Amino acid sequence: MAERQKMILGLFMRQGGHHEGGWRHPTSHSDAGFTLDRYRSYAAMAEAAAIHFVFVADSAGVRESTLASMSRSARVDGFEPLTLMAALSVTTDRIGLVATASTTFNEPYHIARKFASIDHLSGGRAGWNIVTSTNPFEAENFNLQELPLHEERYARAEEFVSTAKGLWDSFADDAFIRNRDRGLYLDPARINVLDHRGEYFKVRGPLNISRCPQGYPVLAQAGSSQPGARLAARHGELVFTAQQTIEDAKRFYDLVKGQAVEFGRSRDALAILPGIVPIVAKTDEAAEAKLAQLQSLIHEDLALELARRLLGYVIDLDKHGLDERIPDDLIETNNMKSRQKLLMDTARARNYTIRQLAALLSVGRGHLVAVGSPARVVDQMQEYFEQKAADGFVVMPAMFPSGLEDFVHLVIPELRRRDLFRTQYCGKTLRENLGFSRPPNIHFSAGERSDGLLHH
């Protein structure tokens, strides 16, 4: 695969926008979480701009720890991602559809079947964002008191993904012959019964749906801890990450791509995509004013709840004042380990108070925040891309629809002017548009027939 010459861009669709106060902005869609037409309009706008994929995150439970913070959050109201992507598959034609599903609170057969269905419905545009779950409240919705240990979650995820791949390879591409004369719907010689027996799963198989148009859906992964990076290097094709500096981004880029080579993969078999929150206007001053307006809309209770959550609920606000520096004795948690470390390192390097960290997180949750004119925002994106710190970005508009409109109408033309982003789709499937090859079936080679069953 040739070295990537243009950026990959994905759109993070989040109800209300990525900024915690975005839903309160007078131009925003505050009802997006439960309104399909809103998501249809976002996907249509992104597809018209030739953005590679739309992406929906998920947690099988609310994240806020108090009713007071929950009552101020737009995150408690939203569609289940696979259901949403199935709906969008019939209103879009080219854009990829990436949905989040947890390996901790699902089973491989269910997930393999659902994503195969969406891949068929969409003509080969499905992607699975593999997560191990970091929300401690999810566990209490699934007969557990707490999340399994971080290392165990990733060990389960490794077996889960391998099992799903095996299920997607249940049938050769030409297995379903539907021979009316012989009364033979499929060729028994082109079926593989998985019969997986592992530490976490026992799955007989085969999957009861034909092989995906893409072979299997594009695999995305979003963990940046050591186990998360290894899972991405072994299986991931789109690797979502949060990085605050170009130096850290370059280190992560080289780490994951280097590990991918150790697993026998090409460095270009996966794309590293940091999240970016673009707050853009025609001038730098107008963009700064837009950010200030958004910051005025975030309620302090919600901002502090976000800071506590992303730091693993280890800050005791009864013990520490809001204008104190981030304590040095915060313990490592079992939740978002990589994000917790990123945020604590950032806060200490910038000498932030708890209040200042909460304000920062209200905008980007640890992701890169780019504020300014189109040229200024693209300068930052171009530096990451050309310095091999990113293969592109997951774009996280601060609010919808205007944040997306600003990116499409102001940033994308500047990217194209610099020949950094394409003008149209180059294929029909998500893999084709990303420049990724279709994985061969591990059990069957194409065209290996001796029984003449291809004759219909």
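User: What's the largest nonpolar core, and which residues have the most contacts inside it?
Analyst: That core has 71 residues, and Val54, Trp128, Trp168, Met381, Phe393 and Leu415 have the most contacts inside it. A nonpolar core here is a set of buried Ala, Val, Leu, Ile, Met, Phe, Trp, Tyr and Cys residues joined through side-chain atoms within 4.5 Å. Buried means under 20% relative accessible area, exposed over 50%, and partly exposed in between, using a 1.4 Å probe and protein chains only. Another core, of 26 residues, lies apart from it and includes Ala220, Phe240, Leu273 and Val371.

User: Before we go on, where do these numbers come from?
Analyst: This is a predicted model, where local features need pLDDT of at least 70 and side-chain atom pairs count only at pLDDT 80 or more, while totals for chains, interfaces and linings use all residues. Residues are numbered from 1 along each chain as its sequence is written, and side-chain values use heavy atoms, with hydrogens and water left out.

User: OK, back to Trp168. What does it touch?
Analyst: Leaving out residues up to four places away in sequence, Trp168 touches, among others, Phe115, Trp128, Arg211, Cys212 and Tyr216. Contact means heavy atoms within 4.5 Å.

User: Which aromatic cluster is Trp168 in?
Analyst: One made of Phe115, Trp128, Phe160, Trp168, Tyr200, Phe201 and Tyr216. Rings of Phe, Tyr and Trp (its six-membered ring) pair if their centres lie within 6.5 Å; planes under 30 degrees apart are stacked, over 60 edge-to-face, and the rest tilted. By that rule there are 16 aromatic pairs.

User: And Cys212, buried or exposed?
Analyst: Cys212 is buried, at 1% relative accessible area. Cys426 is exposed, at 59%.

User: How many disulfides are there?
Analyst: The structure holds 0, with a disulfide taken as a pair of cysteine sulfur atoms within 2.5 Å.

User: New topic: where is the kink in α14?
Analyst: At Val411, shortly before the proline Pro413, and it's about 30°. That bend is the angle between axes fitted to the seven residues ending there and the seven starting there. Helices (H or I, at least four residues) and strands (E, at least two) are DSSP runs, numbered from the N terminus.

User: Which residues of α14 are buried?
Analyst: Among them are Leu404, Phe407, Val411 and Leu415. What covers the buried residues includes β1 (8-12), α1 (36-48) and α13 (374-386).
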